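Let's walk through this structure together, starting with one chain and moving on to its partner.

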Amino acid sequence: MDPLHRAKQDYNQINIPNDLDQLVDQSIRQGKAFHHKATMNKGFKLAFTACCGLILFYFPNAYASVNRNETGSGIVRSWSLSSKENSLSVSANVPFILNDENDGFSDEINREIFEIIDNRIQLVKEAALESYTLAKAKAVPEEIEEAEHDLYIDYSIKYESENTVSFVITIEDAYLSVEHFNYYTTINIQDKKDLTLMDLIQEEQLELINQEIKNQIQQREKEDENNCFFHDESEFKSIDENQSFYINENKQLVIVFERCEIAPNYMGEVEFIMPFEIPIN
Amino acid sequence: MLKLFQERKKDKLANLIKENQVTLYRMAYSYVHNEEAAKDIVQDTILQAYKKLDTLKEDNYMKTWLIRILINQSLDTLRRQKRKNEDTLEYQDNLSSTHDSSFYEYSDLYHAVNQLDDKIRTVIVLRYFEEMKFEEIAKITDTNINTVKSQVYKGLTLLKENMQEEEKWIHCTERNRTTIK
């Protein structure tokens, strides 16, 4: 027998794990969600053409029958919502920007927030329906129970002053394992502006930040062998104008990278605190 | 319209991944020789592929593009393993051993392929185990066809030397394929 043919047979004997199918399906779902998030982020800074009406207007009718409790203080308030539909449970604490002056700005931000959340709900709803239908077809009670998706939506304020607020919206889809998505927003209230990273830093600071991130990567890898970052074509090179970030309570800039962006999946989302205060106001 | 186009592209990628999931796993395993590490590579590859999907200009090259991501992920995992120098003995044992859960006896040549350096091993695996054309391998490895041919030839020569076998096997192999010219 051709020796390479025999070696090919050996290669084909590599055992395929039983859970490969499930792992691949789950990764595809996760990947689709990541792609969706990236697309949403790109559109996040786009101005909307028309001024919008009431906050609830943006919520789809399917969720109109939920509990609505307004909570919070300051400019960021929230609605508490919950719903249960077939195999999808949604428990949400949805932030919105208070609209005292009835201007278009807060409507614009709120609409963006609700679009992000509603899009996520729709995606999970489709996935939940698919897994539920499949499980039901098999008629195994345990599988029907496992097919349930629990979607948790919440937010936390990272920094708040008279003029600026920086917060993160967290979306968790619990199904077999938990998928986690964070959306960061920083707003200048006085100027009525949804801030990008480039609004906060000078052009010449860009390289300083890049170097700081590279140093911190090196240091983290040195400190703990379990800290790993990509060193191939996905290796960190530079931040860009669409970079996720927030401001922490010490008025420091925190640069955030999504899962798998510059480090393997198991490292999760990675953050780099810039060791300097930024002139926010 | 753009949204619809993006959705179709995402679905196309999903179908391609499902059709090739065994290939992806086997290729990853051929680098790391560990089930969990290979599964991590497959998972990271899929996530990376979706993240970079907008950078793929031509759908016709989706498969070669996907495998290229997998190879990069695999090589990066190997680099990290080597750099961490973690479980060095286990890592080397894995390279020269067979599978973790079977008693299948592997041929000497299969072991010899695993001992080749990463670049050469990649082209040998793609050419002879995954039976890809030189053109496809060139796209995956981002080189030209002639470079791939010379790497394959170099690999075969090294294997021959490693195996210390009769010359006939290499001629036999390539005569059957009539590929390297």
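Of the 181 residues in chain B, 51% are buried, meaning under 20% relative accessible area with a 1.4 Å probe and protein chains only. This is a predicted model in which local features need pLDDT of at least 70 and side-chain atom pairs count only at pLDDT 80 or more, while totals for chains, interfaces and linings use all residues. Residues are numbered from 1 along each chain as its sequence is written, chains are lettered from A in the order in which they are written, and side-chain values use heavy atoms, without hydrogens and water.

Chain B has 10 helices and 0 strands; helices here are DSSP runs of H or I with at least four residues, and strands are runs of E with at least two. Among its contacts with a separation of 6 or more, 63% join residues 24 or more positions apart, a contact being heavy atoms within 4.5 Å.

Now turn to chain A. The contact involves 55 residues of chain B and 49 residues of chain A. Together the two chains bury about 4,900 Å², with 57% of it on carbon and sulfur atoms; this is the accessible area (1.4 Å probe) lost when the two parts are put together, summed over both. On the chain B side, R26(B), L47(B) and K51(B) lose the most area to chain A, together 14% of what that side buries.

There are 4 salt bridges between chain B and chain A, each a side-chain nitrogen of Lys or Arg within 4 Å of a carboxyl oxygen of Asp or Glu. One salt bridge joins the side chains of K18(B) and D25(A), at 2.8 Å from N to O.

Definitions and conventions:
Buried < 20%, exposed > 50% of the residue type's maximum accessible area, 1.4 Å probe, protein only.
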